[in-house]
Amino acid sequence: MCQSEARRGPELRAAAKWLHFPQLALRRRLGQLSCMSRPALKLRSWPLTILYYLLPFGALRPLSRVGWRPVSRVALYKSVPTRLLSRAWGRLNQVDLPHWLRRPVYSLYIWTFGVNMKEAAVEDLHHYRNLSEFFRRKLKPQARPVCGLHSVISPSDGKILNFGQVKNCEVEQVKGVTYSLESFLGPRTHTEDLPFHPASSCESFRNQLVTREGNELYHCVIYLAPGDYHCFHSPTDWTVSHRRHFPGSLMSVNPGMARWIKELFCHNERVVLTGDWKHGFFSLTAVGATNVGSIRIYFDRDLHTNSPRYSKGSYNDFSFVTHANKEGVPMRKGEHLGEFNLGSTIVLIFEAPKDFNFRLKAGQKIRFGEALGSL
């Protein structure tokens with residue numbers, strides 16, 4: 001037995017050397033990658049990463065033994081140039097379609113996303129010269145009656161992702177996935193073009209928002225699907241005093257993606273409108289998304305979104321309070337406020353007494369003008 005093992009020794013050592021050779025070669029190859037610049041490293045890692053996720057489970061598992069790790073799905077998605085793609089999509093939307101092509105193109109979109117054209121102010125598909133006009137179509141006045149009995153109404157059509165009281169300065173974008181309230185709104189000091197730094201105390205930031213004793217902070221997240229009515233309206237009677245624009249990514253904000261990427265709404269470009277209503281602080285935030293780089297606020301002509309260049313983590317402030325107008329922009333409940341180019345998300349964060357009650361269920365469909373809650 002010992003003699004047999006002695007005879008097989010050189011063979012086993014040769015086989016072991018042969019088996020270790022690919023690992024050594026791969027380690028050297030991967031070692032070369034580590035010496036590259038970060039963009040080059042990502043570029044060289046992507047083909048393996050894509051194969052890792054596309055090939056059957058475990059096909060590339062041996063690579064993990066030599067120190068290779070795939071780029072995470074989130075990192076892979078974040079590296080997609082969504083801002084560039086959104087600007088290209090915006091240009092495409094503004095190209096006028098031939099008269100004969102309008103009906104088949106719009107009919108395909110209507111069929112895909114379940115658009116109800118009977119509610120549109122103009123039902124004739126030939127009326128819309130391009131996709132942009134079709135996305136921004138107006139509704140018949142009687143299509144969305146505004147509820148007068150409740151103090152807060154839905155500002156848009158969409159799906160309720162989450163709602164409730166803000167706790168520990170964290171807001172849920174979907175159930176179980178939260179983001180920082182201050183990262184989302186930015187600091188309360190209205191200084192222009194400065195990178196924001198989170199407050200040292202969560203409680204101190206909350207106290208800056210809650211202006212009246214006995215009140216609480218509430219939030220509501222509404223997701224607008226591509227087939228929904230794309231305009232949004234004032235959810236209550238309030239005065240808009242300030243606008244803050246956060247340039248950022250334009251990742252998809254559909255519920256599946258919101259569960260996948262933590263603080264998705266803080267990464268994406270957004271426009272935060274803040275002011276006051278009869279119970280104190282009130283804010284409405286329009287969050288951009290893939291192919292929705294254009295966020296328009298009707299009374300704010302200085303707002304320009306999805307610019308080619310921006311500084312990560314920066315924001316721009318604009319005050320509507322001037323010497324001539326010391327109050328801001330008054331908005332009536334149901335009044336036209338702005339629009340998206342496709343679908344996106346509206347986030348309401350506001351102060352109200354403790355007996356404020358939402359009349360909602362998570363996941364329910366809602367239409368502009370329907371009640372969100374009241375005292």
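**View 1. Ser344 in its loop.** In this predicted model, Ser344 sits in the loop that joins β13 (336–340) to β14 (345–353), where strands are DSSP runs of E with at least two residues, numbered from the N terminus. Because its relative accessibility is 0%, Ser344 counts as buried, a term that here means under 20% relative accessible area, with exposed meaning over 50% and partly exposed in between (1.4 Å probe, protein chains only). Residues are numbered from 1 along each chain as its sequence is written, and side-chain values use heavy atoms, with hydrogens and water left out. Since the model is predicted, local features need pLDDT of at least 70 and side-chain atom pairs count only at pLDDT 80 or more, whereas totals for chains, interfaces and linings use all residues.

**View 2. Residues listed by UniProt under "active site".** The unreviewed UniProt entry lists Asp157, His233 and Ser344 under this heading; such positions are given in the numbering used here, feature names are shortened, and annotations may be inferred rather than shown by experiment. These residues are spread over 188 residues of sequence, yet they cluster in space, with a largest C-alpha distance of 14.2 Å.

**View 3. His233 and its contacts.** His233 belongs to strand β6 (residues 231–233) and, at 3% relative accessibility, counts as buried. Leaving aside residues up to four places away in sequence, His233 touches Pro155, Leu284, Gly334, Glu335, His336, Leu337 and Phe368, contact meaning heavy atoms within 4.5 Å.

**View 4. Asn168 in its loop.** Asn168 lies in the loop between β2 (158–165) and β3 (170–174) and counts as exposed, because its relative accessibility is 69%. The phi of Asn168 is near 55 degrees, a positive value in a residue other than glycine. Most residues other than glycine have a negative phi.

Notes. Helix = DSSP H or I, 4+ residues; strand = E, 2+ residues; numbered from the N terminus.
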